[in-house]
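Here are my notes on this model, point by point. Please read them with the structure open.

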Amino acid sequence: MTTADDTRTRILAAARELFAERGYAATSLADIAAAVGLTKTAVAYHFHPKDRLATELLSPAAGDMLALLDTPYASREEFVEALVGFAVRYRSVIRLFMEDLAADDATTAPGSERDTIRTFRDEIYAKLAGDDPTPETRLKSWALLGALQWGAVTTMDLPEEQVRAALLEVARAY
């Protein structure tokens, strides 16, 4: 017998896969329903509106992001290694917020999901760049963030270990 928790788990797994493959905006509740063999109404019963799916998928990543930012790393290299691991582990979630929740900072409402993502981004940058970064360090830190984001989300078809190794190599060059 299938329980409500099993159904929710199946819906979340399908949503994660479809969002990673197609993007959040291009994936409908009907698409998710078809992937798990349910009706759109059944999916909506568990996750309506669709934003609730995104929130539930983002929740574990947000907790791990807070842990990443709160950990006192012995060196920048140690932080970068942990950041690469995070980016690879959560690449489907990163794609979700990069493509569909990220926006121009000037149009971001305080307290919104976009504002939270911007705050995480800025805190990661601050850990990478340090307290009083030179122009070169600022540029390299932003470039590293971009490389990690796009490198993680555009390689969904590659094995995690391959992506992790390549991104670590790139990150160490910065």
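1. Residues 28–47 are 75% helix and 0% strand, and their end C-alpha atoms lie 12 Å apart. UniProt, in an unreviewed entry, annotates residues 28–47 as "DNA-binding region". UniProt positions follow the numbering used here, feature names are shortened, and annotations may be inferred rather than shown by experiment.

2. A word on the basis. This is a predicted model, where local features need pLDDT of at least 70 and side-chain atom pairs count only at pLDDT 80 or more, while totals for chains, interfaces and linings use all residues. Residues are numbered from 1 along each chain as its sequence is written, and side-chain values use heavy atoms, with hydrogens and water left out.

3. Over residues 5–65 the chain is 79% helix and 0% strand. The end C-alpha atoms of that stretch are 25 Å apart.

4. Overall, the protein has nine helices and zero strands. Helices (H or I, at least four residues) and strands (E, at least two) are DSSP runs, numbered from the N terminus. The C-alpha atoms fill a box of roughly 55 × 35 × 25 Å along the principal axes.

5. Of the 174 residues, 39% count as buried, meaning under 20% relative accessible area with a 1.4 Å probe, protein chains only. Contacts are heavy atoms within 4.5 Å. Of those with a separation of 6 or more, 62% come from residues 24 or more positions apart.

6. How do α1 and α2 cross? The axes of α1 (residues 4–22) and α2 (residues 29–36) come within 9 Å and cross at roughly 120 degrees. Axes are lines fitted to C-alpha atoms, for helices over the stretch in contact, and angles run from 0 to 180 degrees between N-to-C directions. The pair is therefore oblique: angles under 35 degrees count as roughly parallel, over 145 as roughly antiparallel, 65 to 115 as roughly perpendicular and the rest as oblique.

7. On the α1 side, the contact residues are R10, I11, A14, A15, L18, F19 and R22; on the α2 side, D31, I32, A35 and V36. This contact of α1 with α2 has eight nonpolar, no polar and three charged residues.

8. Helices α5 (residues 76–89) and α8 (residues 135–153) pack at about 25 degrees, with axes 10 Å apart. They are therefore roughly parallel. R76, V80, L83, V84 and A87 of α5 meet S141, L144, L148 and A152 of α8.

Conventions. Ala, Val, Leu, Ile, Met, Phe, Trp, Tyr, Cys and Pro count as nonpolar, Asp, Glu, Lys and Arg as charged, and the others, Gly among them, as polar. Buried means under 20% relative accessible area, exposed over 50%, partly exposed in between (1.4 Å probe, protein chains only).
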